[in-house]
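The structure is shown below.

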Amino acid sequence: MLWLTWRQHRTQLLVTLGFLAAVGGVLLVSGRIALDAANGLLTSYCYGGGVPCRERDEGLEDLYQKIYPLVVMLPFVPLLAGVFWGAPLLAKEYERNTHQLAWTQSVSRGHWLGVKFGVLAGCAALAGLASGQMFGSWLEIFPGRAGTLTETSYFGAVGIAPAAWWLFAFTLGTAAGALVRKTVPAIAITVAVFVAASIALLLLRPHYAEPVRTIGADPSADGALIVQVGRVAPDGRELRFTDDVPGCPRGQGTNACAEAAGYRDFTVYQPAGRFWRFQWTEAGILLAATAILGGVAVRGTVRRRR
């Protein structure tokens, strides 16, 4: 079964490996340039002549922004496992009617599914861990970018969360293929549900734990996930920054006027120190969803008569 799994899915595995290698190459080259700039070996990106970029973060920020379009795509890379590994796993067998032959041999359909699903799921988890480590190492070059909750756009692409996202995407595609038995519809369902899950967790993430609330300037809010900001009126009412402050003109000078009138700024946020706690929380949510989808795939395969 292991040899059969490799023969049938080696193209998808090798293409995905090639894609990850290409992304890794881009990160490696840009990271090398950033390190040279940070150490003062490459001054073209640094302001102030030969001053290393670690003393003038604007230069590294420019480098970071050049690669940012690729960065925001990384959370959707796990779709490769769902679209190219999971969705065709069962759907193609049903479309070609090869399941009638494969499941009537000496190997039971449960064993057949267990080996195939187990091998590919393991590869998906390893690919997620590798991509998360690769991207995390790249982020550490840039000040304030690693281990932060501020950049929610790539939170799911760094740390341990990518392994859970890859596994979730693969299992989602497998379950979709088991239910609809057609590859193209299974792919469409996989993409739609994955995107919906990404949006749902993006909205849920600020509520993984009780946020911290402070009034006035708070250095701990650096690198934090900001949940809410506003002003507290002298009578205790909460206002948004966009709300009018009685007696204060809009625009320049509003903040100074509001402070003079007794209004104080407040911030509700999730501290950056909760990064790994949130990583494990998100991974736990995804693994729970993966277990449910895995049950759907097994039920749709092992217990289905046709």
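In this predicted model, buried residues account for 44% of the 306 residues in the protein. The protein contains nine helices and four strands, and from the N terminus their order is α-α-α-α-α-α-α-β-β-β-α-β-α. Of the contacts between residues at least 6 apart in sequence, 76% link residues at least 24 apart.

Helix α6 has 18 of its 20 residues buried, so the rest of the structure largely encloses this helix. At 1.5 Å a residue, α6 should span 28 Å, and the 28 Å between its end C-alpha atoms agrees with that. Just after α6, Arg-181 has a positive phi of about 60°.

Two packed helices are described by the angle between their axes and the distance between the axes. For α6 and α7, the axes come within 9 Å and cross at roughly 140°. Angles over 145 degrees would count as roughly antiparallel; α6 and α7 are therefore oblique to each other. The crossing of α6 past α7 is right-handed.

| Helix | Residue range | Residues in the contact |
|---|---|---|
| α6 | residues 161-180 | Trp-165, Phe-168, Ala-169, Leu-172, Gly-173, Ala-176, Gly-177, Val-180 |
| α7 | residues 183-204 | Pro-185, Ala-186, Ile-189, Thr-190, Val-193, Phe-194, Ala-197, Ser-198, Leu-201 |

By class, the contact of α6 with α7 comprises 13 nonpolar residues, four polar residues and no charged residues.

How values were computed. Residues are numbered from 1 along each chain as its sequence is written. This is a predicted model: local features need pLDDT of at least 70, side-chain atom pairs count only at pLDDT 80 or more; totals for chains, interfaces and linings use all residues. Side-chain values use heavy atoms; hydrogens and water are left out. Axes are lines fitted to C-alpha atoms, for helices over the stretch in contact, and angles run from 0 to 180 degrees between N-to-C directions. Helices (H or I, at least four residues) and strands (E, at least two) are DSSP runs, numbered from the N terminus. Angles under 35 degrees count as roughly parallel, over 145 as roughly antiparallel, 65 to 115 as roughly perpendicular and the rest as oblique. A crossing is left-handed if the near helix is turned anticlockwise from the far one by less than a right angle, and right-handed if clockwise. Contact means heavy atoms within 4.5 Å. Ala, Val, Leu, Ile, Met, Phe, Trp, Tyr, Cys and Pro count as nonpolar, Asp, Glu, Lys and Arg as charged, and the others, Gly among them, as polar. The expected span of a helix is 1.5 Å times one less than its number of residues. Buried means under 20% relative accessible area, exposed over 50%, partly exposed in between (1.4 Å probe, protein chains only).
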